Amino acid sequence: ELPWIAKARAQVGVHENTNPSLINSWLTRLKGAWLGLNPRKVPWCGTFVAQCLDPEYPITEHWYRASDWANFGVKLDRPAYGCIAVFKSGLQYHVTFIVGVDQHGNFMCLGGNQNNQVKISPFKQASCIAMRWPSVWPKDGRFILPLLNSDGIEVTTR
C-alpha cells in the first residue's frame, strides 16, 4: 500500500463532530492557518491530504486550500490509484485521493471532510479538474483502478 493511502485508511471514520481535537492536532503539526478554529466551520479536506503526505513528501504551500493542490507534484493525464484529485462544483473545491471507480463510472475517493468525516465516497469524473502525483510518474500498475461498490450518490463537502 502507498504510505499516504495507508495513513488515510487508518483515519476512516474520523468525524468532525466527534474528533475535532484530532483534526486540530493535524493543523497544529502542519502549523495551520486555521489553528484553533472549529473544524465544523471550516473546510478541512486539504488539511487531511497534507497530513497524510507530510513528512514523506513536500506539500503545497497553501495546503489548506483545496484548489492549491491542482498545482502540486506531477500532473497526471489519467487517474492512478492513490493520486490526489481536485474536484470543483460551482464555486467550491474539494481535494481527496482516488482509490477506485464504482459501477456508475464515478471515481471512488478517500478523503477528509466528505459528509464531515474521513470516508470513501463517489465523485463524478466530469467534476475532476486535476489529478496529481506527489513525486515522479507512478508505476504503470497504479493506473488500474479497483472496482468498488457504491450507491453513486455524491457526498457533501464545504
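E1 counts as exposed, with a relative accessibility of 58%, where exposed means over 50% relative accessible area, buried means under 20%, and partly exposed lies in between (1.4 Å probe, protein chains only). This is a predicted model, in which local features need pLDDT of at least 70 and side-chain atom pairs count only at pLDDT 80 or more, while totals for chains, interfaces and linings use all residues. Residues are numbered from 1 along each chain as its sequence is written, and side-chain values use heavy atoms, with hydrogens and water left out.

The side chain of E1 meets that of R9 in a salt bridge, at 3.2 Å from N to O; the term stands for a side-chain nitrogen of Lys or Arg within 4 Å of a carboxyl oxygen of Asp or Glu. R9, at 36% relative accessibility, counts as partly exposed.

## The pair R78 and D77

The count by this rule is 2 salt bridges, and one of them joins R78 to D77, whose closest N and O atoms are 3.9 Å apart. R78 is partly exposed at 39% relative accessibility, whereas D77 is exposed at 63%.

## H15 in its loop

H15 is found in the loop between α1 (3-10) and α2 (20-30), helices here being DSSP runs of H or I with at least four residues, numbered from the N terminus. When neighbours within four places in sequence are left aside, H15 is in contact (heavy atoms within 4.5 Å) with P20, N115, N116 and Q117.

Note on methods:
Helices (H or I, at least four residues) and strands (E, at least two) are DSSP runs, numbered from the N terminus.
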